[in-house]
Structure formats: structure tokens, C-alpha cells
Amino acid sequence: MPLVIVGFGILALLVLIMRFKLNTFISLIIVSFGVALALGMPLKDIVKTIEAGLGGTLGHLALIFGLGAMMGKLIADAGGAQRIAMTLIKKFGEKNIQWAVVAASFIIGVALFFEVGLVLLIPIVFAISRELRVSILYLGIPMAAALSVTHGFLPPHPGPTVIAGEYGANIGEVLLYGFIVAIPTVILAGPLFTIVAKKLVPDSFTKTGNIASLGEQKSFKLEETPEFGISVFTALLPVILMSIATAITLLQKTVGIEDNHFLAAIRFVGDAGTAMLISLLVAIYTMGLARKIPIKTVMESCTTSIAHIGMMLLIIGGGGAFKQVLINGGVGGYVAELFKDTSLSPIFLAWMIAAILRISLGSATVAALTTAGLVIPLLGQTDVNLALVVLATGAGSLIASHVNDAGFWMFKEYFGLSMKETFATWTLLETIISVAGLVFILLLSLIV
């Protein structure tokens, strides 16, 4: 019965968002109240549960998400992202242009959230396409693959960051294993999939696309932008700090080194919140003050970035509220009981539940958070690596993007594709990322 109630809740969520065009956050809160009542939760506990879910999720995420958005905006506004893209394209050359786009999109994707990276890179891809007379989709698929993989697997992106917090996984480990999974997944879903897509829908590679809806884009002369080295260093600094701390901690556990103040300091600097704050301060200098940009202008960029992510934060909070209702309402415990004697890996179960919810709900982040509410009770019965469960949930939440996902429509409109062509390119691309990600995560689970 609890799963039937959840099913009706998800159906109600779809109707509210798609049929009545209600805001996603409002819809999530309404459904959270409805599901809590249907599950028979005491009335006095419902509001407390929703507040706890919303506050607990945002409490972990807001610091990392907010600082990350500011840092990404500074890199974009200073022209650092454009410098990274153009330098790599020049270095790789015309023959390896796809790999240049993959490398640039991957580095930029680590620093910028998916939608921001897409809006920033698409004009660059269109310009290169015109200059080299190659199909925009030939470059667009590798770009979208790299951005989507970083969005699904790597902190400080909202999905993996918030799921790591919910599962109690080490965010540095998520980052480290995320890179191991992300690189082969990008290669499969990017340059290699382009060959298949060209055979499936050859006409889509003749489309010219349309980016008029992006409006006037800020463009820079290359000499006006920060140097390539400092741009890459600034973009990847949070990754560097978190990775060093994780590697040293893993080494400490393996070798059995006794804890001391130095190791504690490294862990402190490598904590996601501290790493993001240090990286933001570095970005304020390298992308702003060092280039003689007034501090007032730099702070305006930071303020604008927060305005852009306000609603996203509320939606994530709403997802957290729904997740908490599922846990406190006993649905998570019911699912745990259901799969108590199963031989299925918790990694596969997390992926499967997230995949079903993603196809139903559209939003990868909401699907991942709802999955957490169902999977958390399962984790107490197993010694599975939590970082890998985080990645599996992220992989499942990317599968089969279709008409209920904003990314589907963005890709369709920007590249001027028909519905059939969008399904054969974007939807298939996201499915390859999800399935390949799961395969690489399962292989990694045999080692770690």
C-alpha cells in the first residue's frame, strides 16, 4: 500500500507540473503534504517533517551550491571559460576538434552548472561550426555529454553533492570515483556515440540550429581574457583541494598512519564547504582584482549568480521535504523490508529506483532526492561503498530525458531538431551516460 500511495503522489506531481503548469517547488510541497496525510502520519508531525527535510537538505547544500554558483559566474564573466574553450580548440587542431570540445566542456562543466555551461558553450560551438564548416551537432553531442556527466557525477554539482549528504558518503570519495567513472562515460556518450547518431538520424547533422533565444552574448577578444593556466587552475581548484584531502585520507587508512594536526588541517581544507570558499576567494582575485576589475563589479557578478539559483535551491529543498516524508512515513522502511532478502546489489537498486523516478518526474535532482528517501533504510543492512551508491543514484537520475525535462527542449530548440531527432540524439545520449555509468560503477565496486 505505501508504494501505491507514492505512485499516486508521483502521478499527482506530474499532473500539477505538466497539466496545471504549477511551479515545481509548490507542486512538491503540495504532494509532500498529500502523501504524508495518505500515509497516516500524525497531523502534528507533518509540518515538522517537511521543515526538517527542506532544512536538512538545504543546510548541507546551500553553502557549496551558493559558493559554486558565484565562482562559476566569475569565471564566465571574466572570459575564463571562453579562454579555456578557445585555447583547447586551437591546441587540438581541426582534426581533433571533437576531443577539444569534450576537454573544454569537461573542465568548464566541473566549474559551471549544466544550464550555465550549455548557454555559455553553445555560442562558441556555433562559431567553431561556422568557421570549420562542420555540423553543429557533430560538436554539440560531445559538449552535451561532457556537461551532463559532470552534472550527474561530480560535486559540487547539486545532485551528487546533496545525495552524498543524504547517504552520509565522503564527498571527496564521490569526486575521486566520479572522475574514474566520468572519463570513459564521456568518451562513449560523446565522440563514439556521434558516429552512431550520424547513422541513425543523418538529416539532423545538416541542421543549422537557432540560438537567437540566448540573446546578446558577452564575447571577448582572447587577449582580454585571463591566461589559460590560471583559468583552468581556478575552475578546477575545488576539485584539486577535495581530491588531495581524499587521497591522503585513503592513504592514511591504508598505511595506518596515526592521526595528527597536519592531517586534520588537510581534511579541513579539503572539506567541500572550505574548498569552495577558498576557491571563490581565489577566483575573486584571479578573475577580478588581478585583472583590475573593481571589487564592486566582481560582487555584482556574485549577486547575480545567487539570483539565478534561488528557485533551483527551493526546488531541491522541496525534493528534500518529499524525501523526508517518504522516510518518516515508513515508505523507506517498507522498501527495505521488501528487498531484505534480495540478492540485488544496493548499487543497482539505487540506480533502478532513480531511473524509474527520472523517467516519471523529468527532474534529475528531484528523482535523486526521492530515491534517497527510499534507499537510505536499505543502506543499514549492507557494507556497500556509499560513494558508489551516490554515483549510481546520479547515473539513474540521468536516464532517458524526454518531454518532461527542460534539457530535452533546450537541446531540441538550440540545435533545430525534430522530436524524432531529439529522441535519437539527446534522449539516447542521456541513456548511454546512465547505463555506461552504472556498468563502470559496478566494475569499480569489485575493486574498492
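Predicted model: local features only at pLDDT ≥ 70, side-chain atom pairs only at ≥ 80, totals over all residues.
Where is lysine 21 found? Lysine 21 lies in the loop between helix 1 (2-19) and helix 2 (24-38). Helices here are DSSP runs of H or I with at least four residues, and strands are runs of E with at least two, numbered from the N terminus.

Residues are numbered from 1 along each chain as its sequence is written, and side-chain values use heavy atoms, with hydrogens and water left out.

Lysine 21 has a phi near 55°, a positive value in a residue other than glycine. Lysine 21 counts as exposed because its relative accessibility is 66%. Exposed means over 50% relative accessible area, buried means under 20%, and partly exposed is in between, with a 1.4 Å probe and protein chains only.

Let us turn to arginine 133. This residue sits in the loop between helix 6 (114-132) and helix 7 (136-153). Phi of arginine 133 is near 55°, again positive in a residue other than glycine. With 78% relative accessibility, arginine 133 counts as exposed.

Is valine 389 buried or exposed? Valine 389 counts as buried, because its relative accessibility is 0%. Leaving aside residues up to four places away in sequence, valine 389 touches Tyr167, Ile347, Ala350, Val375, Leu379 and Val384, where contact means heavy atoms within 4.5 Å. Finally, 8.4 Å separates the C-alpha atoms of valine 389 and phenylalanine 348, which are 41 residues apart along the chain.
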